[in-house]
2 protein chains.
Amino acid sequence: MTNSERYKIEAKARILKALAHPTRLFIIDKLKERTHCVCELTELVGADTSTVSKHLSILKHVGLVESRKEGTMVHYSLADECVVKCVGCLGEIVLRQLERQVASLADDA
Amino acid sequence: MTNSERYKIEAKARILKALAHPTRLFIIDKLKERTHCVCELTELVGADTSTVSKHLSILKHVGLVESRKEGTMVHYSLADECVVKCVGCLGEIVLRQLERQVASLADDA
DNA sequence: GGCGTATATGGCAATATAACCAATTAAGGT
DNA sequence: ACCTTAATTGGTTATATTGCCATATACGCC
């Protein structure tokens with residue numbers, strides 16, 4: 001493996017690790033529609049502000065979201081629309097898995 | 001959030017967590033081309049067999065890969081081609097991030 | 001049956017993650 | 001300057017992940 005390959009694979013793994021949490025996926029899903037401030041997301045997620053803030057900082061650190069400060073509030077938005085496509089593919093995988101489960105249940109019956 | 005939404009988001013997070021490791025991404029990348037047995041992957045990865053076997057079991061557990069036993073060997077393959085698309089999107093994100101970094105370096109100069 | 005190769009599993013130590021609370025910083029309004 | 005609201009950061013505890021070693025299992029061959 002070349003250094004460039006190693007770098008890319010590690011960068012991808014970092015991004016995936018940042019995505020791999022229900023709360024963070026939920027946040028990404030909300031930001032897909034529009035920009036949200038931390039207090040809105042805190043409300044939507046239903047956890048401590050500090051918890052949500054840390055999740056956001058994890059997403060920001062790998063470049064998946066951007067923040068813009070306005071007065072006392074911080075507005076977060078998606079940094080790259082590609083993540084929507086990526087999560088969309090996952091959705092397809094999940095659906096297909098469900099279909100298979102249903103099919104195998106039908107076979108048993 | 002409905003139960004169905006919660007289920008899907010957790011399913012996606014489980015899959016992402018399984019993907020989010022350099023070695024496992026590397027394995028997925030190798031399986032993209034063709035089926036590989038554990039010993040081949042062990043050789044390619046350069047880690048202990050037990051380590052590779054555990055990575056494969058993590059990938060299998062979330063339904064990303066399938067295994068077929070043949071004699072004393074076990075052949076692993078991709079279970080859903082969609083994961084290729086998903087990792088491809090990640091690649092785009094990484095490239096775009098690199099481009100931005102290069103651009104900002106150019107700005108500084 | 002006994003041996004060698006291919007995988008898988010259990011156990012362990014090191015490290016990483018996650019959630020909350022508490023404390024801090026930042027900006028506005030009065 | 002003081003108070004309030006918004007957000008971040010540090011600390012702590014509980015839990016999860018990772019990688020290797022040692023051990024077990026499975027299969028083919030003699």
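1. Let's start with Glu92(B), which is partly exposed at 32% relative accessibility (buried means under 20% relative accessible area, exposed over 50%, and partly exposed in between, with a 1.4 Å probe and protein chains only). Its partner is Lys85(A): the two side chains form a salt bridge, 3.4 Å from N to O (a side-chain nitrogen of Lys or Arg within 4 Å of a carboxyl oxygen of Asp or Glu). This pair runs between chains, from helix H5 (residues 82–108) of chain A to helix H5 (residues 82–108) of chain B. Lys85(A) is partly exposed too, at 46%.

2. A word on what you are looking at: this is a predicted model, where local features need pLDDT of at least 70, side-chain atom pairs count only at pLDDT 80 or more, and totals for chains, interfaces and linings use all residues. Residues are numbered from 1 along each chain as its sequence is written, chains are lettered from A and ligands numbered from 1 in the order written, and side-chain values use heavy atoms, without hydrogens and water.

3. Next, see Arg96(A) and Asp80(B), whose closest N and O atoms are 2.9 Å apart in a salt bridge. Arg96(A) lies in helix H5 of chain A and Asp80(B) in the loop between strand S3 (73–78) and H5 of chain B, so this pair joins two chains (helices, H or I with at least four residues, and strands, E with at least two, are DSSP runs numbered from the N terminus). Arg96(A) is partly exposed at 30%, whereas Asp80(B) is buried at 6%.

4. Lys85(A) and Glu92(B) also belong to a salt-bridge network with Asp80(A) and Arg96(B). Over all chains, the structure holds 14 salt bridges.
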